[in-house]
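Welcome, and please get your viewer ready.

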Amino acid sequence: MEHIRTPKVEQVKLQDRFSNKSITGTLYLTATHLIFVESNSTSAQEIWILHHHIASVEKLSLTTTGCPLVIQCRNFRVVHFVVPRERDCHDVYSSLLRLLRPVSYEELYAFSYNPKQNDEQREEGWQLIDLAAEFERMGVPCDQWQLTDVNREYKVCETYPRDLYVPITASKPIIVGSSKFRSKGRFPVLTYFYQEKKAAVCRCSQPLSGFSARCLEDEHMLQAISRANHNSRFVYVMDTRPKLNALANRAAGKGYENEDNYSNIRFQFVGIENIHVMRASLQKLLEVVGTRALSMTDYLQGLENSGWLRHIKAVVDAAIFLAKAVTVEGASVLVHCSDGWDRTAQVCSLGALLMDPYYRTIKGFMVLIEKDWISFGHKFADRCDQLDGDSKEVSPVFTQFLECVWQLTEQFPQAFEFSEWFLIQIHEHVHSCQFGNFLGNNQRQREELQIKERTYSLWAHLLSEKQNYLNPLYNPILAETNPVLEPSTQPCFFKFWRNMYHQFDRSMHPRQSILKHILTLTENNRELEKTAQTLKAKLQKLGVSTSPLGLYTPSRERALPPRPQSLILGAPLSRKEAQQDEEEEEAVFGEEAREDEPPGSDGERTVEGSSATENGYPELQGTFESKSEPAIVSLEFGVARMTC
Amino acid sequence: MEFSEHIKTANVEDVILRQPFRPSIKGTLCVTGHHLLFSDREEDSSWQLLLLLRNIDAIEKRITGSSGTITIKCKDLCVLHLDIPGMEQCLNIASSIEALSSFENIPEMYPFFHRPQDLSLEDTWGLSSTEEDFTHMQELYDRWRLSLVNSDFSICPSYPSAVIVPRSVDDETLVKAARFRQGGRFPVLCYYHSKNGMVIMRSSQPMTGANRKRCREDELLLQAVIDGSELGYIVDTRSSQQAQQARMTGGGFESKSCYSHWKRLHRHLERGKVLQESLIKLVEACGDQSHSMDRWLSKLENSKWLSHVHCTLSTAGLVAECVERDGHSVLVHGSDGTDTTLLVTTLAQLIVDPQSRTLRGFLRLLEKEWIQAGHPFQQRCAHSAYSHARLKQESPVFLLLLDCVWQLSRQFPLALEFNEMLLLRLAQEAYASDFGTFLCNCEQERCALGVKEKTHCLFQFLLRPSEREQFLNPLYEHTDLAIWPCVQPQSLHLWSGFFLRWTEHAQNMEEARQEIWTIVNQYREKAGVEETSQALSKHCEPLSVVENLMEELTVL
C-alpha cells in the first residue's frame, strides 16, 4: 500500500481506441487493481484491471484536456485515460510503475487471493490433476517403459519434475551420462505414449555436441528409445529450430545430433523461430491491429509482415509431422529445440492433442498443460514476466500454443469439448498470477514457494464453471471413428484470432453470438428433460396416465442460466452500452461521411440528431442479458470482485 | 441450330471421373445438348453426375499416349477430371463441351427445355411486381404514385413497366427527366422506411456533360422526393474525380447549385473489369498449393476482393445510416445505375428492413432490386473465375452482394431467416441454371423472349415446402432493429463456404451445421414437452392435496 500515492482521481476520461467516443469516471488505485468507474449513475460501466495484467504504462505529453495515460495489458486490453491534472497523472503513473513490477513472488496476487475455501477444498483442487494417473492412462509403466527415481531430489535435472519415464533398458549411468551431454541436463524422457503402435514421443534439450563431441551414454539413450518400439527400426529426431540457428549453436558447444554417430535415427529440422522473433512478431501484429481506421490493404499487409500467422502455421505443421510419424509410421519421435522448454513444449503438446481425443476434453486439456508445460518446466515466470526481470526472456510462446489450439477448433468445430472462451480464460489466468499453477519457472521452484499450501489451483476454479466453457457442438462419437485429427496445412485455414486480440474492443465484435445461443439452448434442453422426468414420475406415483396437451410455442421469457459478461459472447451488456455501441458505429460511418466534405458543411449531420434510444438494441438486450448474478470471475472485471 | 452438329462422340465407356470428396469411379460419359452425364456401371447403385454444360467455365485437355484427361473447371469453382481412353474420343468430347458450353443464344438455353414433372408452366412466375407491392403500401398513397409511363419499355429499356414516383410529378416530367439520365434510368423509389417516412431512391448518372447541362424536370423530380423542406443525400458510388471525368463522356453529377437541397457524398466502389479480375486473382490464390503463409496473405491482399467487400458494406452502412439514424432520404447512383447502385441499395435495405431478412423477403428483394431493376445478368455472369475467354462485360457484382450478405450473416447469426446454403445456391444459379430467373439483362428482354411463359421461376421453386427447409437458419429470431455491420477489416472474413467450398474443410463445417439443427430441433421438441408438463403440474396440484391427505390418513 505504501506505493499508492493517490488512491482516487475524479473526472478521468476513458477514450475508446477505435473511435472518438469517451466516457468520464473515477479512477481508483488499490493494492491489486486499477479500477475505473463511470460517473453516470444509472448504469455505470466498471473496468477492473489487475496490476499483474499491465504490461506497460505510458504517459503521453500534456494536451488541452489533460494528461493522457496509455495502459497496455497482457490480455490485450488497451486503455487510454485522460487525467485532468498532470500531478494526479504522474502520481498514478509512478504508483503503477512500482506496482506492476513485483520483485518477489510473495508480492504476487495468488498469495493474497482467497476465494473463501477451506484448506480441504484447496487441497482437493490441487489433487484434481494427477500426472501419474495420466501416464497410467497412456499405458505406462509397461514392459518397455518404466518410472525412474533418478530425479527424485532434482539432482540430475533441476527443471524437470521428480517423476520421469524412461526406456527399461536405460540404466542410471546412461541417464546421468546422457543428461551431462544435454543442455541444462534435460535428457530424453517420455512425454506421450501412443499405445496402439507402442510408439513414444520423447523430449529433451539440444546435445552439447559442438563441432565433433560425442557421448556414448546419450547414443545409448537414443538406442534404448528406439529399441523400446518394435514397430519401427528408427527414431525420428525433430529439431524444432531452423537449421541456421542450430548450426550457430554449434559454435557455442551445443548443436544437434550427428546422424553418423547415432545409429537408427532420422534427423529433421522443423524451422520454428526463437522466442525473440516471436516476441517481435506479436508486437508488430498488435501494432497493426491497433491502428485506427485501418484499411483492408494495410491490415492484410500488416498481418503478413508481422509473420505471426506464419509462425503459428510452423508450429501446427511441426505437430502434424509429429502426429503422422507416430500414428501412421508407428515410429517413436524425440523432440528438442535449444533448452527444450519452449518450442519442444509447443510441438509435443500440440502433437499429442492431434493424436489423443482425451486431450480435447476440458479435463484432458488441463492434464496436457500440466504435463507438457507446467511439469516439464516451461519458464512461465520469465516468459510471462511475473516478476520484474529480463525483458528479453519474455515471449508469447504459451499464447501461441493456445492460438494453435484455437486454429484447430476452427477447422474441427465438433472435435473439442471446450470453446474458445476456455482458451481465453486460461490465457487470462496465466498472466493474472491469481492462481498458483503457473507461478515460477519449474516444479522445484513451486515446491520451494509452497504453492500448493499457500495458493489455489486454477483447474478447480475452471472446473467449477465448466458449463461456461462447453462447446455445444462437441461430438465425442466422431473421435471414436477418427481419433487422430488431420488438419489442413493450407494457409487459408489460418485466421486472425479476433476474439483473443480484440477481446476488449467493443466495436470489433459481432452483435450476436452463435456459441452463447446454442449453449443456452442445450442447457435449456437438459433442464426441460429433467422437469419432464420429475413430473412424469410424480404422475406415475399418482396413477395418472400422461396425455399430450396442446401444442407449444417456444417462449423466450425463460430465465437464462448465468453467463459471464464478455464481448466475445456477443450482445451488449446493458442498455447503456447498447446505446454506446450504436453511437460508436455512428461515429464510424459518420466520420467517413464527412471525409470529402468541405469543412464547416458537416453541421447538418449531427451525431446527436439520431435517436439512439429508438434504434438501440432493446430486444437483443432483453434476450441475451442474463438477469442472474455474473460469474464470480469474468473477463469484464478481470478477477474476483469479492476479494476487494 | 442443331445441338447434334456439335456432338461428334455422344458416348464413351470406361471413363474415370475424379472429383472432390468422392473416390474416383469408372463409368460411362455421355454428352447431350445441355448436359454432361456420367453414370457408373454398377447395377445396384444408380449414382449419376449431371452437369449443366452452361456451368462449365473452362476446360483443359491433356493427351498422354492413347488416352487423355479433360479437366473441367466449373463456374461454381468445382474442378473435375475425366480420364478418357482413346485420343480421338477425348478430343471429340473436349470440342463438343467447348462448343456447347459457350452458346450465347438465349432461347436455346436449358431453362427453355427444363420440364420437370412436378412443375407446371402455368405456375406463378416471380414473387411479386411493383404494382402488387404498391397496392399493399397504403402509407405511400398520399405522397407517391405508381407510374406506367414505361409500360412499353420505351422510356427506359432496363426498367420494369411500372415504377413508383412522387405523386406530384406527372408522366411528362418523368419522360423529360429520363432523357437527362443515362439509359433513361430516372430516379425511382426503391425503399420506403415506414418508421420515419424517408426513402431510398436509385437512378443512373445525370447527363450534364462538359457544359454543365441542366434539366428542370429532373430537378423538380428530386425536389418532390424530399418535399421541398429538408435535405437529401446523394450517394455517388464513384469517386468525385471519376464523377468529374464522366462529364467528358456526357455523364456527370448533380451540382450543388442546381440541386441545392441535396448533398452529394462520393464513395468509390470498384466495378466491371476490375471486379472480375479481383475474383480471378482470389480464386487463383485459393487454389495455390505452395502452403506458404506469406504468399497466401500477399495474394489475398493483392486480389483486393476483401477491400471491395469492405467498401461495399461501409457504403451500404452509410446509406442505411442516412435513412435510419439521420432521418433523411437518399438517392443512390453510379454511372449506369445497374451494378454498384443495386449492390448498395440492396444491402442498405437488408440492414434497416426486417422484412427483407426473411427467406421470402430476401428473395423478393433480389427480384425487385436485381431482376426487375435490370442488372444485366446475362452479360455479367457469362463467365466466372476460370475462363480463358477475353473479358467482355463480365463482372461478379452479384457474387459480391452474396459475399456481403454472408458477412452480415456472420455478424448477426440470428437475424437472417435464410442460411449460407441459399447464398451458395444463388451464386450457382446466377451463373448456370435450370430456371429462367437469371436469364436476360432486363425485363424488356424477358418479355420479348417469353421467359415467364416458357421457363420455370427459381424463386418460386426455392420457396416450395420441399425445398424451403434446407435454406432456413435454425437460429433465426425476428428483430425489428437495424443490423449495423462492423466494417473493421478484422471483422470481415474470406467467404470460405464459397471460395473453399470444394476442400476437405467444408465437410467439417457441414457436420457442425447439422449439429446446430439437431440441437435446435431437440429444443423445440422438448420445449413442447415443457408446455405439456406445465399443464400437467397444474393438474398435479389438487392431486397432491389428496396425496397429502392420504399420507396423513395412513399415519393416523
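A polar contact is a pair of N or O atoms within 3.5 Å, where inside protein one atom must be able to donate a hydrogen and the other to accept it. Keep that in mind for a later stop, and remember as you look around that this model is predicted.

**Stop 1: the two domains.** Select residues 4-103 of chain B, which the domain assignment gives as domain 1, and color 130-504 of chain B separately as domain 2. Their C-alpha centres are 37 Å apart.

**Stop 2: where they touch.** Now show the residues that link the two parts: 15 from domain 1 of chain B are in contact with 21 from domain 2 of chain B. Between these domains about 1,600 Å² is buried, and carbon and sulfur atoms give 61% of that area. On the domain 1 side, pick out Asp57(B), Lys75(B) and Leu77(B): these lose the most area to domain 2 of chain B, together 38% of what their side buries.

**Stop 3: the polar links.** How many residue pairs are in polar contact between domain 1 and domain 2 of chain B? There are 10, with both residues at pLDDT 80 or more. The count of salt bridges between the two domains is zero.

**Stop 4: the strands.** Select S5 (56-64) and S6 (67-74) of chain B; each strand supplies at least two residues of the domain 1 side that touches domain 2. S5(B) gives the most to that side, with three residues.

**Last stop: color by class.** The domain 1 side of chain B that touches domain 2 has eight nonpolar, six charged and one polar residue.

Terms used: Residues are numbered from 1 along each chain as its sequence is written. Chains are lettered from A and ligands numbered from 1 in the order in which they are written. This is a predicted model: local features need pLDDT of at least 70, side-chain atom pairs count only at pLDDT 80 or more; totals for chains, interfaces and linings use all residues. Side-chain values use heavy atoms; hydrogens and water are left out. Domain bounds come from an automatic or database domain assignment. Contact means heavy atoms within 4.5 Å. Buried area is the accessible area (1.4 Å probe) that two parts lose on being put together, summed over both. A salt bridge is a side-chain nitrogen of Lys or Arg within 4 Å of a carboxyl oxygen of Asp or Glu. A polar contact is a pair of N or O atoms within 3.5 Å; within protein, one must be able to donate a hydrogen and the other to accept it, and residues adjacent in sequence count only if both atoms are side-chain atoms. Helices (H or I, at least four residues) and strands (E, at least two) are DSSP runs, numbered from the N terminus. Ala, Val, Leu, Ile, Met, Phe, Trp, Tyr, Cys and Pro count as nonpolar, Asp, Glu, Lys and Arg as charged, and the others, Gly among them, as polar.
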